[in-house]
Amino acid sequence: MKQYIAPFALFAAIAAPIAYAAAQPAEAWRIGPVIRGKNYSVGISGTLREGPQGPWFQFPTEGRGHIHYVTLNTGPIEGARQITVRYRIDAAPETKFVAHEFGRPGNFGLAFQRTGDNWTARGRYDTYRWYSPSILPLRPGVHTFTARLDDPRWISVGYRPAANDPQAFTAALSQTESVSMTFGAEGGRGHGVYSTAPARFTLLDFRME
């Protein structure tokens, strides 16, 4: 019988907690992803913009584009306990956020990517990207989203729960290249979102600790 080792049990032998806060300039946050020269986010600049409250972007509106990933290179995150993002969406109350690929309500989530990922999600690469256990509906207001890294419900791009492959999950943590905020829907976490009216996303705080 295969022994199950919880990811949080593996952490204990790896590293002490790390602290990482969003003091990076706006241009350190890349909007994409760019895969083989093609940027899958359309109708939007390639990085966040500087603002008095924090880095920000304007959601593309219906028919003018969509945003998929906002990514920060972090390096390995194996010592972190959790990732927390605090953000504000400024938009009229009736504004809707729609998943580009599915037409369903758009959601916010987190992901991290192992160095060397080729974006195919095939073979060994089906465990090179991991998506947060939960997602949060996009809507106007100030929101806080936290994903614990000892949660066995993280899901790989190949739909493997971390509980079922803790070794691959831990390897991805120890060889992380980047962390992303994702915009999409269940079944397509980073497959893009647009808004039905003008809307601005401002990153108020980003922490790994």
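Q: Hi! Which residues in the largest nonpolar core touch the most other members?
A: Those are F59, F108, F112, M181, F183 and F201, out of the 40 residues in that core. A nonpolar core here is a set of buried Ala, Val, Leu, Ile, Met, Phe, Trp, Tyr and Cys residues joined through side-chain atoms within 4.5 Å. Buried means under 20% relative accessible area, exposed over 50%, and partly exposed in between, with a 1.4 Å probe and protein chains only.

Q: Which elements each supply at least two residues of this core?
A: They are β6 (69-73), β7 (82-91), β9 (107-114), β12 (141-148), α2 (166-174), β14 (176-184) and β16 (199-208). The largest share, five residues, comes from β16. Helices (H or I, at least four residues) and strands (E, at least two) are DSSP runs, numbered from the N terminus.

Q: Before we go on, what kind of model is this?
A: This is a predicted model, where local features need pLDDT of at least 70 and side-chain atom pairs count only at pLDDT 80 or more, while totals for chains, interfaces and linings use all residues. Residues are numbered from 1 along each chain as its sequence is written, and side-chain values use heavy atoms, with hydrogens and water left out.

Q: Thanks! Back to M181, what does it touch?
A: Setting aside residues up to four places away in sequence, M181 touches W29, H68, Y69, V70, V85, F108, G109, L110, F201 and L203. Contact means heavy atoms within 4.5 Å.

Q: And which residues are in the second core?
A: That separate core has five residues, including Y69, A111, I155 and V157.

Q: Why would nonpolar residues gather like that?
A: In soluble globular proteins, nonpolar side chains tend to be buried together.

Q: How many helices and strands are there in the chain?
A: The chain has two helices and 16 strands. It has 209 residues, and 48% of them count as buried. Among contacts with a separation of 6 or more, 76% are between residues 24 or more positions apart.

Q: Is α2 largely enclosed, or is it open?
A: Seven of the nine residues of α2 are buried, so α2 is largely enclosed by the rest of the structure. The buried ones are P166, A168, F169, T170, A171, A172 and L173.

Q: What does T127 touch?
A: Leaving aside neighbours within four places in sequence, T127 is in contact with S156, R160, D165, A168 and A172. T127 sits in the loop between β9 and β10, and is buried, with a relative accessible area of 6%.

Q: R160 and D165 came up there. How do their side chains meet?
A: They meet in a salt bridge, 2.6 Å from N to O. A salt bridge is a side-chain nitrogen of Lys or Arg within 4 Å of a carboxyl oxygen of Asp or Glu. R160 is partly exposed at 33% relative accessibility, whereas D165 is buried at 13%. D126, R160 and D165 are linked in a network of salt bridges.

Q: How many salt bridges does a search of the whole structure find?
A: It finds eight. One of them joins R189 and E186 at 3.5 Å, N to O. R189 is buried, with a relative accessible area of 10%, while E186 is partly exposed at 47%.

Q: New topic: how much space lies in the largest pocket?
A: About 470 Å³. On a 1 Å grid over the protein atoms alone, a pocket is an open set of points where a 1.4 Å probe fits, with protein on both sides within 12 Å along at least five of seven lines; lining residues have an atom within 4 Å of a point. Grid points are joined across faces, edges and corners, and the volume is the space filled by probe spheres set on the points.
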